[in-house]
Amino acid sequence: MIARYSSPEMQRVWSEENKYQSWLEVEIAICEAMAEIGRIPKADVEAIRQRARFDIDRILELEKTTRHDVMAFVRNAAENVGDEGRWIHFGVTSYDVVDTALALRLRQAIELIISEAKTLSDTIRRRAMEHKRTAMIGRTHGVHAEPITFGFKLAGWHAEMKRNLERLERAKVAISVGKVSGAVGIHGNADPQVEELVCQKLGLQPDPVSTQIVNRDRHAEFMSALAILAGSLERYATELRNLQRTEILETQEAFAKGQTGSSAMPHKRNPWNCETVAGLARVVRGYSLAMFESISTWHERDLTNSSVERIVIPDACLAVDFMLRKFNDILANLNINVERMAQNLALMGQLSFSEHVMLALVSAGLPRERAYELVQRNAAKAWEGGSFLDSLIADPDVREVLSEEALRTCCDIDHHLRNLDAIFDRAFAD
């Protein structure tokens, strides 16, 4: 992922420095576990722990000969230790190290993402409470439907983010596994006890049954959680983009002094930050598909997943981390045009209360189809520019059933929003 869409914290997780550091942690943990079961001398492990280190330039130089990144790393680590370095990578295969170390970095990455997701959830909660009773029109198919509040809209986002956090926590468990099971996973030269000790030292669970690699359904679950979260962020960003349309203008991204909206049109204030979030969601979805394709490998191992993961896992983590930070900033500083919301709500008169009128007619004794017909014919007059409420009051068929006072009560927004407290209690139960 390019630097434009990357935070320094997530860049550090996926840096080459952190990759080799995590490999070294695993190699040392393996040596320590081997010593604990008496397979290698404990004194040699102490030397490895003190002297083992790596140099990225040296690794790259060695890789020109080995054409194998792990062996170049192992040679570099061993040459810094001396004779005791022969125990580094003893009895294990490359992906005992690579996959176990990948779990460490995936855990670091998802913990950053969980932290940012919680921050966004808190911002959503704060703004929802702020606008709990800020009335606005709800829309279906882009057309006025019934009244809601802006806080109600955000309450839905908060409930969705809670589900996203639950998915992220499940994914964290799924990928927090290591393996030290040897070339095909059958522990031919790697004692299961070593695997258990290594994973215990690193705070991981041993993969119950691995091949040469940890099976990629776990990583697909991880990527799926990121893709769903990205989809949620796209949904929120798209909603704010729509509400920022000139004809609607109920929300606006913050616009700083001196900011340029368009190189050609000085008046422009575009929802470009929301558009960035929406665009990156497409990238993350594509990466998740690539990870799903990597679940299948030939027999106990092939390399089809390796090249894919070097791109899609770091990039997806970087993108989602950026999206969370960016959208939190958008929402925290969002300008909410309460007056415009009120104007748009009144744009079609009392037309948005049509269902309430119909239900009142049914409750008063009319068949539902007859009630629907009466309300619809008066709604048609409102579409032509008339007043829905005035039309209802003037309609003798309607007045035969409902009084003017009853009709006015049907168009009372307080009645329509009377269950907000119950909804908020459920949405923010945590």
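**A guided tour of the model**

Start by selecting R67, which is exposed, with a relative accessible area of 74% (exposed means over 50% relative accessible area, buried under 20%, and partly exposed in between, with a 1.4 Å probe and protein chains only). What you are looking at is a predicted model, in which local features need pLDDT of at least 70 and side-chain atom pairs count only at pLDDT 80 or more, while totals for chains, interfaces and linings use all residues. Residues are numbered from 1 along each chain as its sequence is written, and side-chain values use heavy atoms, leaving out hydrogens and water.

R67 sits in the loop between α4 (56–66) and α5 (69–79); helices (H or I, at least four residues) and strands (E, at least two) are DSSP runs numbered from the N terminus. Phi of R67 is near 50 degrees, a positive value in a residue other than glycine.

Next, select H187, in the loop between β3 (177–178) and α8 (192–202). H187 is not a glycine, yet has a positive phi of about 60 degrees. With 23% relative accessibility, H187 counts as partly exposed.

Now go to I213, in the loop between β4 (205–206) and α9. Is I213 buried or exposed? I213 is buried, with a relative accessible area of 2%. Setting aside neighbours within four places in sequence, the contacts of I213 include Y95, D99, K179 and R301, where contact means heavy atoms within 4.5 Å.

Then colour helix α2 (residues 16–36) and helix α3 (residues 42–51), whose axes come within 9 Å and cross at roughly 165 degrees. Axes are lines fitted to C-alpha atoms, for helices over the stretch in contact, with angles from 0 to 180 degrees between N-to-C directions. The crossing makes α2 roughly antiparallel to α3 (an angle over 145 degrees). Show I28, C31, E32 and A35 of α2 with K42, V45, I48 and R49 of α3 to see the residues that make the contact.

Finish with the largest nonpolar core, which has 66 residues. Such a core is a set of buried Ala, Val, Leu, Ile, Met, Phe, Trp, Tyr and Cys residues joined through side-chain atoms within 4.5 Å. Which residues have the most contacts inside it? They are L168, L226 and F327. Leaving aside neighbours within four places in sequence, L168 is in contact with I110, I113, I114, A117, A225, L226 and L229. Another core lies apart, with 42 residues, among them W23, F54, I88 and A103.

Note on methods: Parallel < 35°, antiparallel > 145°, perpendicular 65-115°, else oblique.
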